[in-house]
Amino acid sequence: MIKLKTEAQIEKMRAAGVLLHSVLTALRAAARPGVTTLELDRMAEDMIRSAGATPSFKGYAGFPYSICASIDDQVVHGFSNDRPLLQGQLLSIDCGCKLDGWQSDSALSVVVGGGNAEAQRLIDITERCFWLGADMAREGNRLGDIGHAVQTYAESMGCGVVRDYTGHGIGREMHEDPSVPNYGYAGRGLKLQKGMTIAIEPMITLGTWRTKKLSDGWTAVTADGSLAAHYEHTVLVTDGEPELLSFPGARISEALR
Ligand code: MG
Ligand code: MG
C-alpha cells in the first residue's frame with residue numbers, strides 16, 4: 001500500500017533528512033586512508049543518537065551496524081571492520097536514521113584519498129544516474145520512467161545496473177511500497193503522485209549487473225568482481241521539481257546542468 005504523506009509528515013522527513021545529510025557529509029570527509037569503517041560506523045551512530053534519533057539499520061533484520069560500508073566490488077550491505085581504508089579504494093556508505101518517528105535513507109560513494117580515475121568515473125556515472133532518475137519523480141510520471149532513465153544512461157556508458165536490490169517507498173518505515181527498480185520501461189508501472197516519498201538508489205557496476213552474497217549473509221558483491229558504486233537520496237514526488245529530503249537545498253536542475 002502506498003502511503004501519501006501530509007505536509008506535516010513531510011516536514012518531519014525533512015528534519016530526518018537534514019540530520020542524515022550532516023552525518024553523510026561528515027563521513028565523506030572522514031573517509032581517509034588509515035581510518036577504519038568501524039570508526040566511521042561509530043561516528044555515524046554517535047551523531048545520530050546525539051541528535052535524539054536512532055540509526056535505522058542497526059538491528060534491522062539482524063544487521064549489526066549503523067552504516068553499510070561496501071568496498072570496491074562490494075555493492076551494498078557491507079560490514080564495518082577494523083581494517084584501515086587504503087588509498088584509492090572505492091567506499092560506498094549507506095546510512096539511515098529515524099527522527100521523531102520518520103525515516104531518511106541516503107548513500108554515497110567516494111574514492112578513499114582520491115587517485116583512482118576508474119573508480120571516480122564510475123561514481124560520477126552513478127550520481128548522474130541518480131539525478132536523471134530523480135528528475136522523473138514527478139506527479140503523473142510512472143515508476144518505470146525512473147528506472148528507464150537510470151538504466152538508459154548507465155548502459156550507454158557501458159556499465160551494469162544491479163537488479164537484485166532496488167529503491168523503495170519510505171516514511172514511518174525504512175522500506176515501504178513501492179519497490180523502485182533501477183531498470184524498466186518508460187511509461188510503465190505505477191503512476192506517481194504528489195506526496196509519495198521514495199528512496200532512489202542506483203547501484204552501478206563497471207561490469208555485470210549480477211551480484212552474489214558473501215557467507216556473512218549480507219554483503220552483496222558483483223558476480224564478476226568489477227567495481228560497484230551506490231548513490232541514494234530520499235525524494236519527495238511533487239508536481240514540479242522533485243525535492244531531495246536527504247539533501248537540503250540541492251536542485252536537480254542544477255545537478256543536471
Ligand atoms: Mg540506503
Ligand atoms: Mg534505501
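Author: The following account begins with the metal site and then turns to a neighbouring residue and the salt bridges.

This is a predicted model, in which local features need pLDDT of at least 70 and side-chain atom pairs count only at pLDDT 80 or more, while totals for chains, interfaces and linings use all residues. Residues are numbered from 1 along each chain as its sequence is written, chains are lettered from A and ligands numbered from 1 in the order in which they are written, and side-chain values use heavy atoms, with hydrogens and water left out.

The magnesium ion (ligand 2) is coordinated at 2.1 to 2.2 Å by Asp-105 (OD), His-168 (NE2), Glu-201 (OE) and Glu-232 (OE). Donors here are N, O and S atoms within 2.8 Å of the metal (3.2 Å for Na, K and Ca); water is not among the atoms, so sites may look incomplete. Along the sequence, the spacing of these donor residues is D-x62-H-x32-E-x30-E. Asp-105 also coordinates the magnesium ion (ligand 1), and the two ions are 3.2 Å apart. His-168 belongs to strand E7 (residues 167–169), whereas Glu-232 is in the loop between strand E13 (228–230) and strand E14 (233–236); the two residues are 64 residues apart. Helices (H or I, at least four residues) and strands (E, at least two) are DSSP runs, numbered from the N terminus. Both His-168 and Glu-232 are buried; buried means under 20% relative accessible area, exposed over 50%, and partly exposed in between (1.4 Å probe, protein chains only).

Asp-94, in strand E4 (residues 90–99), is in contact with residues including Asp-105, Glu-201 and Glu-232, its neighbours within four places in sequence being left aside. Contact means heavy atoms within 4.5 Å. Asp-94 is buried yet has no salt bridge, and Arg-28, the nearest side chain of opposite charge, is 13 Å away. In this count Lys and Arg are positive and Asp and Glu negative, with His and the chain ends not counted.

A salt bridge is a side-chain nitrogen of Lys or Arg within 4 Å of a carboxyl oxygen of Asp or Glu, and the whole structure has 10 of them. In one of these, the closest N and O atoms of Glu-243 and Arg-14 are 2.7 Å apart. Glu-243 lies in strand E15 (residues 243–244) and Arg-14 in helix H1, so this pair ties together parts that are 229 residues apart in sequence. Glu-243 counts as partly exposed, because its relative accessibility is 26%. Shared partners join Glu-7, Glu-11, Arg-14 and Glu-243 into one network of salt bridges.
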